[in-house]
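Subject: The structure we talked about

Hi,

Here is the structure I promised to pass on. Have a look at it first, and then read on for what turned up in it.

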Amino acid sequence: MASPKHNMLREIFEQPEAVQQTAEAASADVSSQSFYGVSWKEAGLASLDRILIAASGTSRHAGIAGKFMIESLAGIPVEVDYASEFQLSPAVVSPKTLTIVITQSGETADTLAALRKAKKSGSKVVTISNVEQSSMMKEADFRIHTKAGPELAVPSTKAFTAQLTALFCFALFLGEIRKKVAREQAAAFRSELASLPAKLQTVLGLDAKCEALARRFRDRSGFIFAARGVHNAVAMDGALKLKEVSYLHSEAFPSGEILHGPLATIDEDIAVIAIATVDGADSDSKARFEKTLSNLKELKGRSGKIIALASEGDTRVGKLAEETLYLPKAPDLLLPILEIVPLQLFAYHIAILLGRNVDSPRSLAKAVVND
Ligand code: AGP
């Protein structure tokens, strides 16, 4: 495409390289039992009993997906906290807890305070950051550098997919050293990961469709994003992206939770954006998908319109949603890297149609360095 007018759009389109470079860097040392040059045996990873993830905004959403990745692949319990809450909370952190802070900039004040609190309590800290020379990279015990390249627009896009990639690689590595993932299974996951950049190019081909949807939906008074499992992280980030660049009201809920209150707010003026993808090789994913379909039946008729993300070849979601965007197939834990892209494009186009400054939305800074 010709050089885009806005950093946000350019950065959305840079995601295939961001994911590829992050995955290549992360996979480099697996065979030697080290990850990013650190011997994780010496770091005590094999005997950890808990992981705490602290982050803010989009980086926290990556952490929510990371929790699913680590718990599924490595069987270690993970908690995810807002960095702004953790720093002043009574949360218990011990030397057997590994703390992971996730931050694009490496300078967010709340996340830096969380890192310092964790270190003071004796926990080892891993920083996942896009800025190699940042404060949080310097203060961490271990570093994972996402290779998204400089991200200039305030809405975080390519840093998010790079964070998801790094977290997936780390979770897979933990799964291998804790003997929860067999070598062949790990190789299969790595080959799926290697196929993501090409799939991301396919998803970026939905840009014109996302723009058409934005034209159709720009006048809605609000948006509800719904998903299940690891996809909740994507719904949350889709809602955040839309609100920060368009200034429209948008919220995310786990699909099943909508019935417990939020349903009352849904009328013809509200659009529902539902993530209804499925990994046909994964029984948990299939069970969640069936439940999602029954949630969509409940929502149909109440909401003005449902826009759904579905998996290529699916024939059921399209009967329940007014508009369906089809995504390439991938393992459940990797689907978020594809799913967020149309939501970023939708947010971008709505904001442009409403005349917003997408690269520098009102009242927001790229890094919140004062708390
Ligand atoms: C995301 O689009 C936001 N601009 C914001 O939520 C951001 O992710 C948050 O401030 C955290 O920043 P960091 O990743 O640089 O720590």
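Let me begin with strand 8, residues 222–227, where six of the six residues are buried, so the strand is largely enclosed by the rest of the structure. Please keep in mind throughout that this is a predicted model.

In a regular strand, side chains alternate between the two faces of the sheet. In strand 8, Gly222, Ile224 and Ala226 point one way, while Phe223, Phe225 and Ala227 point the other way, and all of them are buried. The partner here is strand 9 (residues 249–254), which runs parallel to strand 8 and is joined to it by six bridges.

Another covered strand is strand 12, at residues 323–327, with four of its five residues buried. Strand 12 runs parallel to strand 11 (residues 305–311), and five bridges join the two. Leucine 309 has leucine 325 as its bridge partner in strand 12. Threonine 324 also belongs to strand 12. Is threonine 324 buried or exposed? Its relative accessible area is 9%, so threonine 324 counts as buried. Beyond its neighbours within four places in sequence, threonine 324 is in contact with Lys209, Ala308, Ala310, Val317 and Gly318.

- Threonine 108 has a polar side-chain atom 2.5 Å from an oxygen atom of the ligand.
- For serine 105, a polar side-chain atom lies 2.7 Å from a ligand oxygen.
- In threonine 103, an N or O atom of the side chain is 2.8 Å from an oxygen atom of the ligand.

What does its side chain reach? A polar contact of 3.0 Å joins it to the side chain of threonine 146, and a polar atom of the asparagine 130 side chain lies 3.1 Å from the backbone nitrogen of alanine 148. Leaving aside neighbours within four places in sequence, the contacts of asparagine 130 include Thr103, Gln104, His145 and Glu151.

Glycine 63 is another buried residue, with a relative accessible area of 0%, and its place is in helix 3 (residues 57–74). Not counting residues up to four places away in sequence, glycine 63 touches Ile53, Val80, Ile102 and Leu167. With isoleucine 102, the separation is 39 residues in sequence and 7.1 Å in space, C-alpha to C-alpha.

On to the rings. A search of the whole structure finds five aromatic pairs. One of them is phenylalanine 35 with phenylalanine 170, a tilted pair at 5.7 Å centre to centre with 40° between the planes. Phenylalanine 35 is in strand 1 (residues 34–35) and phenylalanine 170 in helix 7 (residues 158–177), so this pair ties together parts that are 135 residues apart in sequence. Phe35, Tyr36, Phe170 and Phe173 form one aromatic cluster.

Lysine 117 lies over the face of phenylalanine 86, 5.0 Å from the ring centre. The charged end of arginine 362 sits over the ring of tyrosine 247, at 3.9 Å from its centre.

Finally, two backbone details. Lysine 179 has a phi near 60°, a positive value in a residue other than glycine. Lysine 179 lies in the loop between helix 7 and helix 8 (183–194), and at 73% relative accessibility this lysine counts as exposed. Serine 363 is not a glycine either, yet has a positive phi of about 70°. You will find serine 363 in the segment after helix 14 (335–353), exposed, with a relative accessible area of 78%.

Happy browsing, and write back with any questions!

Best wishes

Notes:
Residues are numbered from 1 along each chain as its sequence is written. This is a predicted model: local features need pLDDT of at least 70, side-chain atom pairs count only at pLDDT 80 or more; totals for chains, interfaces and linings use all residues. Side-chain values use heavy atoms; hydrogens and water are left out. Rings of Phe, Tyr and Trp (its six-membered ring) pair if their centres lie within 6.5 Å; planes under 30 degrees apart count as stacked, over 60 as edge-to-face and the rest as tilted. A charge sits over a ring if NZ of Lys or CZ of Arg is within 6 Å of the ring centre and within 35 degrees of the ring normal. Buried means under 20% relative accessible area, exposed over 50%, partly exposed in between (1.4 Å probe, protein chains only). Two strands pair if DSSP finds at least two bridges between them. Contact means heavy atoms within 4.5 Å. A polar contact is a pair of N or O atoms within 3.5 Å; within protein, one must be able to donate a hydrogen and the other to accept it, and residues adjacent in sequence count only if both atoms are side-chain atoms.
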